[in-house]
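Hi everyone, thanks for coming.

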Amino acid sequence: MEWWKKEPLRFECQKGCAVCCSRPGVVYFTANDIVAAAQFLSVTPAEFKGKYLVSAGGEWYVDVGDKPCFFLGDSGCRIHPAKPQQCRSYPFWRENLQTRRSWKVTGEICPGIDIGPMVPLDTIMDFFEKDA
């Protein structure tokens, strides 16, 4: 059994932080994410993909590179109500939960780890199911 299923995890996003939005990498958008973000921005999914996303291997994503995410504005995420599953599930990514050490290392980057309320196990498991 995974260690995090036996020990409660605490997490609470910290106001004004956005460290996770400023790290290098890519942000993947599922088909549902594309529809939700497009609706939020009042554009069609095709327009959203054409304007904001890159496609490779059948996947759509924002290539963050070494700059903050394009959707990160002065007041936080510009598409927060419709942000993609990858963003909603952070920091509960498989690689961050592999070991207690990997969770602690993630906590060195993310100030919300190990503070705030306990996150229900069902919530974490739901993130994994949606990630599959």
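Let's start with valine 26: its bridge partner in E4 is aspartate 63. Before going on, some housekeeping: this is a predicted model, where local features need pLDDT of at least 70, side-chain atom pairs count only at pLDDT 80 or more, and totals for chains, interfaces and linings use all residues. Residues are numbered from 1 along each chain as its sequence is written, and side-chain values use heavy atoms, with hydrogens and water left out.

When I say helix or strand, I mean a DSSP run (helices are H or I with at least four residues, strands are E with at least two), numbered from the N terminus. Strands pair if DSSP finds at least two bridges between them.

Now back to the sheet. E2 and strand E4, residues 59-65, run antiparallel and are joined by five bridges. The open sheet has three strands in the order E2-E4-E3, with antiparallel pairing. Strand E2 (25-29) and strand E3 (54-56) each have a single partner strand, so one side of each is left without a neighbour in the sheet. From one strand to the next, the twist averages 45°. Packed on this sheet is helix H2, residues 31-40, which touches E2 and E4 and makes an angle of about 85° with the direction of E2. Contact here means heavy atoms within 4.5 Å; axes are lines fitted to C-alpha atoms, for helices over the stretch in contact, and angles run from 0 to 180 degrees between N-to-C directions.

A salt bridge is a side-chain nitrogen of Lys or Arg within 4 Å of a carboxyl oxygen of Asp or Glu. Aspartate 33 is buried at 5% relative accessibility, while arginine 88 is partly exposed at 39%. For those words, buried is under 20% relative accessible area, exposed is over 50%, and partly exposed is in between, using a 1.4 Å probe and protein chains only.

Also in H4, residues 85-89, sits glutamine 85, which is buried at 8%. Its side chain makes a polar contact of 2.9 Å with that of arginine 88. A polar contact is a pair of N or O atoms within 3.5 Å; within protein, one must be able to donate a hydrogen and the other to accept it, and residues adjacent in sequence count only if both atoms are side-chain atoms. Leaving aside residues up to four places away in sequence, glutamine 85 touches Asp33, Phe127 and Lys130.

My last stop is helix H5, residues 100-109, whose buried residues are Ser102, Trp103 and Thr106. They cover an arc of only 100° around the axis, taken from the directions from the helix axis to the C-beta atoms, which puts them on the same side of H5. Their cover includes helix H1 (3-6), strand E1 (9-11) and strand E7 (113-119). Exposed Arg101 and Glu108 are on the face turned away.

Arginine 100 forms one with glutamate 7, with the closest N and O atoms 2.3 Å apart; glutamate 7 is in the loop between H1 and E1, 93 residues away. Another joins lysine 104 to aspartate 114 at 2.8 Å, N to O, linking H5 with strand E7.
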